[in-house]
Structures are given as structure tokens and as C-alpha cells.
Amino acid sequence: MNFENFDNNIEKPIISEDVQEQLDNLDLTIEDVTGKILDIGAGEAQFARELKDISDADIVSVDDYKKENVVDDIIIADVRELPFEDNSFDVVISINTVHN
């Protein structure tokens with residue numbers, strides 16, 4: 001039997017270059033994006049929004065402010081005093097915390 005043109009119909013998520021670059025920077029693969037993830041310093045939560053679109057992860061975004069035009073649910077909190085119990089998340093990421 002020839003399997004060269006075999007298509008197993010497993011859909012792989014389409015990952016944008018920006019998301020792939022951020023995953024690479026975090027030393028993560030899309031397969032690592034599972035469970036409950038905390039995105040600290042989420043800004044407008046663009047990265048979290050894109051991850052939600054391509055994974056089944058439960059992603060919670062936190063920042064110390066929320067711009068008026070952002071429609072995502074972003075928890076407003078000081079990173080030094082997060083409103084979560086210890087060990088509430090499987091992975092914690094922070095890609096937008098320091099810009100300048």
C-alpha cells in the first residue's frame with residue numbers, strides 16, 4: 001500500500017508568524033499550550049486571544065490597566081498581589097511586560 005498521498009485529516013492549527021515567534025521566545029510549542037495558563041502583563045491580550053483561537057487552553061490575562069477599546073476579559077491586578085491561589089495555573093507566561 002502506498003501512503004505517500006495519505007491524508008489522515010488531522011487538522012493542525014494555523015499559527016501566525018507573530019505567535020510562533022512568541023512561542024519560540026518562551027521555548028514553548030503549540031503542544032505546550034494546554035491546561036490553565038496565566039498571561040501576566042497581557043496588555044491588550046492579543047497573544048492570549050490568538051492562543052485561545054488555536055488551542056483548548058484556559059487562558060487568563062492579567063494587566064494593571066485595561067484600555068477602553070479592549071473587549072477581552074482582562075483581570076486588572078498588580079502582579080505583586082495576584083488574586084489567585086497558589087498553584088492555580090499550569091503555565092505562567094509574560095511576553096508584554098517590559099517594552100522599553
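A residue counts as buried when its relative accessible area is under 20%, as exposed when it is over 50%, and as partly exposed in between, using a 1.4 Å probe and protein chains only. Keep that scale in mind as we walk through this predicted model, in which local features need pLDDT of at least 70 and side-chain atom pairs count only at pLDDT 80 or more, while totals for chains, interfaces and linings use all residues. Residues are numbered from 1 along each chain as its sequence is written, and side-chain values use heavy atoms, with hydrogens and water left out.

Let us start with the strands. Helices (H or I, at least four residues) and strands (E, at least two) are DSSP runs, numbered from the N terminus. Two strands pair if DSSP finds at least two bridges between them. S1 runs parallel to strand S2 (residues 58–63), and 5 bridges join them.

Now follow S2. This strand is mostly covered, with 5 of its 6 residues buried. S2 pairs with strand S3 (residues 74–76) over 3 bridges, in the parallel sense.

Leaving aside residues up to four places away in sequence, Ser61 touches Asp39, Ala42, Ala45, Ala48, Asp73, Ile74 and Ile75. Ser61 is buried, because its relative accessible area is 2%.

S1, helix H2 (residues 46–54) and S2 make a right-handed β-α-β unit. A crossover is called right-handed if, with the strands pointing away from the viewer, the path from the first strand over the helix to the second runs clockwise. Which residues of H2 are buried? They are Phe47, Ala48, Leu51 and Ile54. These residues lie on the same side of H2 because they cover an arc of only 130 degrees around the axis, where the arc is that of the directions from the helix axis to the C-beta atoms. H1, S1, S2 and S4 are among the elements that cover the buried residues of H2.

Helix H1 is also where you will find Asp18. With a relative accessible area of 56%, Asp18 is exposed. Asp18 and Glu50 are 32 residues apart in sequence, and their C-alpha atoms are 9.6 Å apart in space.

Asp27 lies in the loop between helix H1 (17–25) and S1, and its phi is near 60 degrees, a positive value in a residue other than glycine. Ala45, in the loop between S1 and H2, has a phi near 65 degrees, also positive in a residue other than glycine. Are these two residues buried or exposed? Asp27 counts as exposed at 69% relative accessibility, whereas Ala45 counts as buried at 1%.

Finally, let us turn to two side-chain pairs. Side chains of opposite charge can pair when their charged atoms come close. A salt bridge is a side-chain nitrogen of Lys or Arg within 4 Å of a carboxyl oxygen of Asp or Glu, and this structure holds 1. Arg80 forms a salt bridge with Asp78, with the closest N and O atoms 2.6 Å apart. Arg80 is exposed, at a relative accessible area of 70%, while Asp78 is partly exposed at 30%.

The structure also holds 1 aromatic pair. The rings of Phe84 and Phe89 have centres 5.0 Å apart and planes at 85 degrees, so this pair is edge-to-face. Rings of Phe, Tyr and Trp (its six-membered ring) pair if their centres lie within 6.5 Å; planes under 30 degrees apart count as stacked, over 60 as edge-to-face and the rest as tilted. Phe84 is partly exposed, at 25% relative accessible area, and Phe89 is buried, at 16%.

How values were computed
Contact = heavy atoms within 4.5 Å.
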